[in-house]
Amino acid sequence: MDSGGDSSGGGAAAAAAKWRTDATRAFQYYLDRSTPHATGRWLGTLVVAAVYALRVLSIHGFYIVSYGLGIYLLNLLIGFLSPMVDPELDPSAAAHDGPALPTRGSDEFKPFIRRLPEFKFWYAITKAFVIAFVMTFFSVFDVPVFWPILLCYWIVLFVLTMKRQILHMVKYKYVPFNIGKQKYGRKKGGASSSSSKD
């Protein structure tokens, strides 16, 4: 009798494990398919953030959850804007008085590599908004606070942190964005000239 109960319990556990594996594999498949679609991913995250903001504003609570979310997002932003190798801690960069663009043909060009890549940055932000949204359904997280103080403190923290980050960027001469950099593409005349030769 006991062996029958064990086998049904083992079968249920195996079925649950198989379902979890299948669900994880399907989630990872769709996550991988979304990788090249940065604009769509970020628009989806904006929708999730708007739903969270509407939820918090409509119930007039969970400001401490929003404050924690804001601190976490600030931490992610710093990781996104920071280079993978901090020039202050890299001894090879310190020997040259910080990283610089190559000035001679023999100098090695080192492209900007983020400490937190864009995809991981997006995924962490989206996951944080979803978790914060779920937390708004549990009253234990609705701690009564005077929200203007939290908002002012977060703004001061944001300004001081970004000031330090911008000074770091200026000191070590790096720009974490590719806005305005030249993009190379095909010439329009190249396709027509090759077809005229045939």
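This note covers the aromatic contacts in a predicted model.

1. Overall count. Searching the whole structure turns up 11 aromatic pairs. One of them joins Trp42 and Phe121, with 5.7 Å between the centres and 50° between the planes. That geometry is tilted.

2. Reach of the Trp42 pair. Trp42 sits in helix α2 (residues 38-59). Phe121 belongs to helix α5 (residues 118-135).

3. Exposure of the two partners. Trp42 is partly exposed, at a relative accessible area of 27%. Phe121 is buried, at 8%.

4. A further partner for Phe121. Phe80 also pairs with Phe121. Their ring centres are 4.4 Å apart and the planes meet at 10°. Stacked pairs have planes under 30 degrees apart, so Phe80 and Phe121 count as stacked.

5. Phe80 itself. Is Phe80 buried or exposed? Its relative accessible area is 11%. Buried means under 20%, so Phe80 is buried. Arg114 lies over the face of Phe80, 3.9 Å from the ring centre.

6. Ring cluster. Which residues do ring pairs link into a cluster? They are Phe27, Phe119, Trp122 and Tyr123. Trp122 also has a charge over its ring: the charged end of Arg41 sits 5.0 Å from the ring centre.

Conventions:
Residues numbered from 1 in each chain as written. Predicted model: local features only at pLDDT ≥ 70, side-chain atom pairs only at ≥ 80, totals over all residues. Heavy atoms only, no water. Phe/Tyr/Trp six-rings, centres within 6.5 Å; stacked < 30°, edge-to-face > 60°. Helix = DSSP H or I, 4+ residues; strand = E, 2+ residues; numbered from the N terminus. Buried < 20%, exposed > 50% of the residue type's maximum accessible area, 1.4 Å probe, protein only. Lys NZ or Arg CZ within 6 Å of the ring centre and 35° of its normal.
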